[in-house]
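Here is a short note to read alongside the model. Take the points in order, and keep the picture open as you go.

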There are 2 protein chains.
Amino acid sequence: MNETFEKLSEELKKKNIRLSHQRLKVLEYMSTHKTHPTVDQIYHDLHKDIPTLSKTTIYNTLNTLINAGLIKSVTIEDTEVRYDSVTDEHGHFKCESCGTIFDFSIDFNSFSTQDLGNFKIKNKDVYFKGICPNCISEQH
Amino acid sequence: MNETFEKLSEELKKKNIRLSHQRLKVLEYMSTHKTHPTVDQIYHDLHKDIPTLSKTTIYNTLNTLINAGLIKSVTIEDTEVRYDSVTDEHGHFKCESCGTIFDFSIDFNSFSTQDLGNFKIKNKDVYFKGICPNCISEQH
DNA sequence: GTTCCTGCAAAAGCTTTGCAGAAGA
DNA sequence: TCTTCTGCAAAGCTTTTGCAGGAAC
């Protein structure tokens with residue numbers, strides 16, 4: 001239980017989404033694990049606490065939360081979808097060595113996007129890939 | 001047949017990849033359709049010319065071209081993979097209304113990314129979503 | 001008591017794999 | 001001739017759907 005979790009629970013109540021045990025656990029997981037987990041990772045971890053939990057419920061819950069605007073899906077690699085709590089604008093960096101995804105702050109207004117003068121931009125995503133400092137130092 | 005297509009054919013020869021009829025057609029398609037097509041779109045269009053063409057061959061060919069570094073895969077929406085000829089660095093804008101993907105030039109050096117000082121960055125992708133000028137004017 | 005949610009099983013959709021015949025070099 | 005490619009069929013995965021029982025309100 002933390003501030004973010006309670007904030008998210010409040011949001012669910014506002015939107016008339018029922019606070020089931022499973023949903024609260026997924027929400028708690030998302031608010032305490034800022035690791036951009038995959039469905040598999042969420043399932044693996046929560047299954048220990050709730051043996052009857054099914055992946056279907058996780059898919060349902062994540063889609064519900066996406067529709068409610070509480071989380072976002074993130075696709076950097078083509079083969080895996082990850083999920084992210086909605087926070088401030090940030091970029092994603094995926095380490096090709098250990099697979100970890102790091103957030104970094106980014107000033108979206110610093111882009112030079114003169115080509116898009118007549119476009120209505122609703123969403124900006126920045127994805128970087130490379131090697132993180134931990135893996136760089138391990139290679140020495 | 002255009003300059004880009006011939007350049008790409010040359011690249012294949014250099015890498016000892018055989019110039020089969022199907023591969024040349026896929027290459028030609030990629031070099032003349034800068035629309036970031038999906039596998040389905042490529043299949044649909046080329047099937048008219050080559051009725052025996054299979055999706056397996058398109059998958060094989062695209063993977064061969066990716067390994068050769070001649071094209072890239074692009075994932076903006078979670079549910080569809082698209083393919084892009086390798087060109088200069090550019091951002092991708094997807095129109096939520098008509099689905100078209102537009103390229104726009106972007107100065108990757110203009111990012112303020114002070115958080116990533118110790119990261120080795122190999123790859124930068126920028127994905128925007130919104131409404132394109134054509135669809136904006138149709139809404140009036 | 002009603003409504004909505006869970007979770008099993010099955011379906012659906014996309015991509016990869018195995019392999020025999022065909023085509024390229 | 002020898003190697004590699006094509007394309008069918010089947011397998012493999014992830015995600016969605018249908019639905020009966022159960023939980024939330």
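1. How far is a base oxygen of DNA strand D from an N or O atom in the side chain of Arg18(B)? The distance is 2.8 Å, a polar contact (a pair of N or O atoms within 3.5 Å). A base nitrogen of DNA strand D lies 3.3 Å from a side-chain N or O atom of Arg18(A), and for Thr56(B) a base nitrogen is 3.5 Å away.

2. Before going on, please note that this is a predicted model, in which local features need pLDDT of at least 70, side-chain atom pairs count only at pLDDT 80 or more, and totals for chains, interfaces and linings use all residues. Side-chain values use heavy atoms, without hydrogens and water, residues are numbered from 1 along each chain, and chains are lettered from A and ligands numbered from 1 in the order written.

3. Around DNA strand D there are 15 residues, each with a heavy atom within 4 Å of the strand. Tyr59(A), Arg18(B), Ser20(B), Arg23(B) and Thr57(B) come nearest.

4. Now look at chain B, where β3 (residues 90–95) and β4 (residues 101–105) run antiparallel, joined by five bridges; strands pair if DSSP finds at least two. Gly91(B) sits opposite Phe104(B). The two strands make a hairpin with five residues between them, and Gly99(B) in the turn has a positive phi of about 85°.

Conventions:
A polar contact is a pair of N or O atoms within 3.5 Å; within protein, one must be able to donate a hydrogen and the other to accept it, and residues adjacent in sequence count only if both atoms are side-chain atoms. Helices (H or I, at least four residues) and strands (E, at least two) are DSSP runs, numbered from the N terminus.
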